[in-house]
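Please find my notes on the model below. They take up the sheet, the aromatic pairs, and then the pocket and cavities.

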Amino acid sequence: MVAWRARIGLIKPTHRGKSFAYWYKHAPEGVEIVPTFIGFRSEKRESFLEGFKKAEELAVQLKDVGCDIIAVSGTPPFLLKGLDFEREWAAELSAKIGLPVVTPMEPHAIALQTLGVRKVALATYYGNELNQAIVSYFSRFGIQSEVMPGLSTTGQSAGLYTTSLLALDEVSHMDVYRHCKKALAGMAPVEAIYINGGGWDAAPAIDYLERDLKIKVVWALAAEMWLTYHMLKIENPLSDSGALLSGKYAPAI
């Protein structure tokens, strides 16, 4: 039996293998990961706001194939709608399918709180609207934010992003490392770096940033995975993914 401990249903925002690969690579024995994709192809507001219905349809399909929990990725739609909407949407979907639902933004705030962070630097590839939405979002949890400039590889923005979805495919963990390190050097002191977005290859940069800068790092996908396993009551400590996933921190849930 493949999924004798749990079967996790993933709803990913874009057709990118690397964000699914992060979950697959770190799945412990007895856990199966079932991926689905909303398929966003635009960085525009209208595209993101159309994704909720598709996510709900995918959640029903994942329920039908025997998943035990649904994890939804892709923060922009929820940032545009806000924390109250996110909680209401998750509760209604959970009641509809009879499964717990992990949404994309609240796990990040829970992770920062669990690490004891009260002031964080935000690293994204977003423009001002989404960055300020993160600032407002974290303020609901008593967390103060300092915003790094959104990463731009081409010098041209695209919709709500400072780097297009297509260009993000070429952003490596080395680019993420350099971007965060350079921006942090010119900022007021913070207690952690928060890296939003699964479009860039941030995972391998986490350990390097924590070791070199002596600072905690919370990456969006890592926080979602961390909370999902805790909700399943499955221990999944990792040695290569930063302090959050080391096994030393558990959310108060």
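1. I begin with the second largest cavity. By class, its lining has eight nonpolar, three polar and one charged residues; Ala, Val, Leu, Ile, Met, Phe, Trp, Tyr, Cys and Pro count as nonpolar, Asp, Glu, Lys and Arg as charged, and the others, Gly among them, as polar. The volume of this second largest cavity is about 130 Å³. Its lining residues include Met225, Trp226, Tyr229 and His230, and also Leu244, Leu245, Gly247 and Tyr249. On a 1 Å grid over the protein atoms alone, a cavity is a set of points where a 1.4 Å probe fits but cannot get out, a pocket is an open set with protein on both sides within 12 Å along at least five of seven lines, and lining residues have an atom within 4 Å of a point. Grid points are joined across faces, edges and corners, and a volume is the space filled by probe spheres set on the points.

2. On the basis of these notes: this is a predicted model, in which local features need pLDDT of at least 70 and side-chain atom pairs count only at pLDDT 80 or more, while totals for chains, interfaces and linings use all residues. Residues are numbered from 1 along each chain as its sequence is written, and side-chain values use heavy atoms, with hydrogens and water left out.

3. The whole structure holds three cavities of 30 Å³ or more. The largest cavity contains about 230 Å³ of space. Of its 23 lining residues, Pro13, Gly74, Tyr125, Gly198 and Gly199 lie nearest the centre. Helix 8 and helix 11 are the elements that give two or more residues to this lining, and helix 11 has the largest share, three residues. Helices (H or I, at least four residues) and strands (E, at least two) are DSSP runs numbered from the N terminus.

4. The largest pocket has a volume of about 280 Å³. Among its 19 lining residues, Tyr22, Lys25, Asp201, Ala203 and Pro204 lie nearest the centre. Helix 1 gives the most to the lining, with five residues. The lining divides into nine nonpolar, four polar and six charged residues.

5. Strand 3 (residues 69–72) is covered on both faces: Ile69 and Ala71 on one side, and Ile70 and Val72 on the other, are all buried (under 20% relative accessible area; exposed is over 50%, partly exposed in between; 1.4 Å probe, protein chains only). Strand 3 runs parallel to strand 1 (residues 6–12), joined by four bridges, and parallel to strand 4 (residues 101–102), joined by two bridges; strands pair if DSSP finds at least two bridges between them. Gly9 has Ile70 as its bridge partner, and Ala71 stands opposite Val102.

6. There are 13 aromatic pairs in the whole structure; rings of Phe, Tyr and Trp (its six-membered ring) pair if their centres lie within 6.5 Å, with planes under 30 degrees apart stacked, over 60 edge-to-face and the rest tilted. Phe20 and Tyr24 form a tilted pair, 5.8 Å centre to centre with 45 degrees between the planes. These two residues are four apart in helix 1 (residues 17–25), so about one helical turn separates them. Tyr24 counts as exposed, at 57% relative accessibility.

7. Which pair is tilted with its planes at 55 degrees? Tyr125 and Tyr161, whose ring centres are 5.3 Å apart. Both Tyr125 and Tyr161 are buried.
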